[in-house]
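Please look over the sequence and the model shown here before reading on. The report that follows starts from a single residue and then widens to the chain.

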Amino acid sequence: MANPIVSRTELLAGDVPMTVNGVVKKTALLLGISAVSGFGMFFFALMSGMSSGVLMGLAVVAMLVTMGLGLATAFKPHLAKTLAVPYALLEGVFIGVASAFAFYKAPSVPLLALSATFVTGAVMLTLYTTGIIKVTEKFRSLVVSASIAIMIVYAIQWIMSLVFGSSIPHLFGGGMIAIGFSVFTTLIASFFLLIDFKNIEDGAMYV
């Protein structure tokens, strides 16, 4: 679902009204901070030879602190101006550490996934600000419906794996159908960024 923080009506940063242009610039800045900390932590973890146990511990700590900052911002939006940069830094640390942990199991995947994460954010921001993709009510409905369908598929897969020790044929494997399904779920997830941007734009109109 869309980010609840940007769906709310508290749209002031201190005493300065929020503007779409300001949000776009700050989003780009925070995305850059996350990317730098993410890649930095990823390569630092590998070069320093951190064990999987240490990486897991760091990931848990970063995740918990990030969740705490997110909740603080959700309940006290006026803190967003102060907590935004620490949140972006720690989010990058978490992604970087998690990617380094995954590197030991599948060396060819994490760096690609790490890059795709930040590239996706940048691409979605560009597509929205340039007006190439417009968020309409129909667009919202399609994205939400698709996400519900995906959740149902994963729920069925989870039940099948627990009860029968099997999986949905073709969807979870290395074939072209599985790859296509993964691309589809990634696109749907990234479209929620566009909905968040639209929520911000709509909110700025009433400030």
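Met63 counts as partly exposed because its relative accessibility is 34%, where buried means under 20% relative accessible area, exposed over 50%, and partly exposed in between (1.4 Å probe, protein chains only). This is a predicted model, in which local features need pLDDT of at least 70 and side-chain atom pairs count only at pLDDT 80 or more, while totals for chains, interfaces and linings use all residues. Residues are numbered from 1 along each chain as its sequence is written, and side-chain values use heavy atoms, with hydrogens and water left out.

Met63 sits in helix α2, which covers residues 52–75; helices (H or I, at least four residues) and strands (E, at least two) are DSSP runs, numbered from the N terminus. Together with Met56, Val60, Leu64 and Met67, Met63 forms a nonpolar surface patch with about 430 Å² of accessible area. Such a patch is made of residues with over 30% relative accessible area and no salt bridge, nonpolar side chains (Val, Leu, Ile, Met, Phe, Trp, Tyr) being joined within 5 Å and like charges within 9 Å. The buried residues of α2 include Leu55, Ala59, Ala62 and Thr66.

## The chain as a whole

The protein chain holds 6 helices and 2 strands, in the order β-β-α-α-α-α-α-α from the N terminus. Of its 207 residues, 30% count as buried. The accessible surface of the protein chain comes to about 12400 Å², with 75% belonging to carbon and sulfur atoms; these areas come from the Shrake-Rupley method with a 1.4 Å probe, and for residues only the protein chains shown count as cover.

The unreviewed UniProt entry places the feature "transmembrane region" at several spans, among them residues 84–104 and 110–130; such annotations may be inferred rather than shown by experiment. The table gives the computed make-up of these two spans.

| Span | Helix | Strand | Distance between end C-alpha atoms |
|---|---|---|---|
| Residues 84–104 | 95% helix | 0% strand | 31 Å |
| Residues 110–130 | 95% helix | 0% strand | 30 Å |

The side chains of Arg140 and Glu137 meet in it at 3.6 Å, N to O. Both residues lie in helix α5 (residues 137–163), 3 residues apart, about one turn of the helix. Arg140 is buried, with a relative accessible area of 18%, whereas Glu137 is exposed, with a relative accessible area of 58%.

How values were computed
A salt bridge is a side-chain nitrogen of Lys or Arg within 4 Å of a carboxyl oxygen of Asp or Glu.
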